[in-house]
Amino acid sequence: MNRETRFWTVLFLGGCLLLAFQSLRTERGVGQQFVVRVDATTGKIIPPAADASDNSAAAVKTVIYEPASKDDPEAIWSFSRTSGIWIAALLTLCVFSYLYRDNVCYKLAESIIVGVSAGYWIVTYYWEVLIAKVLLRLSPELARYAFLPDTPADAKADYLCIIPVVLGCMVFCRLIPKIAWMGRWPLAFVVGTTAGLKLILFLNADFVRQIRSTILPLVVFSATASGGSELDWKQSIQNIVIVISVLSCVTYFYFSVEHKGIVGRISRVGIWVLMISFGASFALTVMGRITLLTMRLQFLFDDWLGLVRI
Amino acid sequence: MTSPLLDKLNTLDRRWIFLSMALAVLSPILLQIGSDETPSPPTIKLFDEIERLPEGSRILMAMDFDPTSAAELYPMALSFTRHCCLRHHKLYFVTIWPTGKPMIESTIKAVIGADFGSGDRPYQYGVDYVNLGYLAGEAVAISQISSDIRKARPQDARGTSLDELPIMSGVISVKEMDLIVNASAGFPGGKEWVQYAATPQKVPIAVGCTGVQSTQLFPYYPDQLLGLVTGIRGAIEYETMLAAKYPNPYANRSKRPAFLRGGAQRWAHRLMIGLIVLGNGIHLANRYRRTTHP
């Protein structure tokens, strides 16, 4: 047995022993989830003893399952939620195993994420685009009958919707070499409309407004309680820093003049400003990643192992 | 010059650093060490605006995030929603991220379902809040609801026609909103809400964003953004203000998920600073060794 195999065997056995000890030690167990059955119409809890022979229970049309404590007398053990916690915990450990080295468990978790994400997106787009945006507009009656029963009876069809549908179908022409040229038309439409929309909104919201936000007074006076005014040095320094930073960064990206002499010195300040902003971005990224790690560890040690009780 | 310690540090396996980071994050979690933060002006401005708005004001809650960014944004979404419910504003939940749908449902369940679903003035679906669900079309969807919400989405997430919901009466577009509160994880998100809805329609907007995104959004503050809540630190700041204003029950640790993540954050940052200092120390020692003993 080489060093690597020994390490993994010890880690695996240690983990199994910890899980066994923890599930014996606590009443809650490891990752055990309990629920209560609630009548969705009345909001009342259905006792676990009620079965199909009970008329009141049989009359309930829609049942929802709400999370509950194990000590709750109405609570029942939930197989699906317990399995969910265990699968999530094991997949988290599979992903963490990459920190040791690349391995089959990590690859498995990665593949599951890709597959589940693709499935989720397909289902979402089917309901939100094909049904809600296409079928509902082309044939409200069919949409009401087959998919969306709450569609108003007086909803009218909007046949203009056929144009984007046809354009959408034309994208698939790229798969047939003889008519592949037709696939360029919808793309041209998308590029043209996006460019037009972006240009107008960008000019208004970013270009003009951002320039306006940079035109600042370098010396700021604020009103005092006695009715006079005094130098607001904090705001003044802030405004000076903003103006210098903007001008030096713009100079750095101005390539029509050689960066020598005064221009070179100003562009040097621009590099420093850029470096500071990259540093801030990197630090904030690290903060985000640590928060993600914290969330996963909270999940493992609280929801799964039950070692943390708030 | 021989230094066994320096040689050992030069060849240190990076997995020891991973382990030390795991311990730095795990210890505060197990010991329940949290962290409060002093609120910063961009966070205070959003809090004050929600306080200032008269009861029943219309607030569009755009939840544009997914499970991968929920660590930072979900605590923020909970705090924003709690605060709006405490002030009894009307809430319009919407997302332009397909993965944002479960985030809205989870927020509604955790806040309205748990704390505001019963009592003297319970929050009622369709009257006090509505889930408009997912709007397909990314940034174009924002542009569409800026002119006509019903064209972008004639039904809510439950399939009910918007015309049948009392909360939607008199609401045609984003223009009728008193405030847009956006929890943004990237594209499309805060930047697009500013460009496509808030600036052209002149509707006040505040964004809660991930740390990564904040440097892109700070240029919009304070002219185009009313407030900006940044990463987990911003979420802790907002929770701190909420706990100070409404101590019962929001000073309780169980209602403060960001606070509990703050302790781990603090210790991880201390470790990282220590590692940066150590790494630079090793680099300087190596340079000294090379120059004195070439």
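In which loop of chain B is the place of Pro222(B)? In this predicted model, Pro222(B) sits in the loop that runs between helix 9 (211–217) and strand 6 (227–230) of chain B.

Pro188(B) belongs to the loop between strand 4 (179–184) and helix 8 (190–201) of chain B. As background to these bonds and to the phi values below, most peptide bonds are trans, and most residues other than glycine have a negative phi.

Positive phi values occur in chain B at His88(B) and at Lys202(B). His88(B) is not a glycine, yet its phi is about 55°. The loop that holds His88(B) lies between helix 4 (70–86) and strand 2 (90–95) of chain B. Because a residue is partly exposed when its count of other C-beta atoms within 10 Å falls between the limits of 12 or fewer for exposed and 20 or more for buried, His88(B), with 15 C-beta neighbours inside 10 Å, counts as partly exposed.

Lys202(B), likewise a residue other than glycine, has a positive phi near 55°. Its position is in the loop between helix 8 and strand 5 (205–209) of chain B. Lys202(B) has 8 C-beta neighbours inside 10 Å and therefore counts as exposed, the cut-off being 12 or fewer.

Turning to chain A, the secondary structure consists of nine helices and six strands. The radius of gyration of chain A is 31 Å, whereas the globule rule gives 19 Å for 310 residues; the value is well over that figure, so chain A is more spread out than a compact globule. Along the principal axes, a box of roughly 90 × 65 × 65 Å is filled by the C-alpha atoms of chain A. Of the 310 residues in chain A, 10% are buried. Among contacts in chain A with a separation of 6 or more, 41% are accounted for by residues 24 or more positions apart.

Helix 1 of chain A covers residues 3–25, which amounts to 23 residues. From the first C-alpha to the last, helix 1 of chain A reaches 32 Å, close to the 33 Å expected at 1.5 Å a residue. This helix is hardly covered, as the count of buried residues among its 23 residues is zero.

Methods. Residues are numbered from 1 along each chain as its sequence is written. Chains are lettered from A and ligands numbered from 1 in the order in which they are written. This is a predicted model: local features need pLDDT of at least 70, side-chain atom pairs count only at pLDDT 80 or more; totals for chains, interfaces and linings use all residues. Helices (H or I, at least four residues) and strands (E, at least two) are DSSP runs, numbered from the N terminus. The radius of gyration is taken over C-alpha atoms; the globule rule is 2.2 Å times the number of residues to the power 0.38. Two residues are in contact if their C-beta atoms, placed from the backbone, lie within 7 Å. The expected span of a helix is 1.5 Å times one less than its number of residues.
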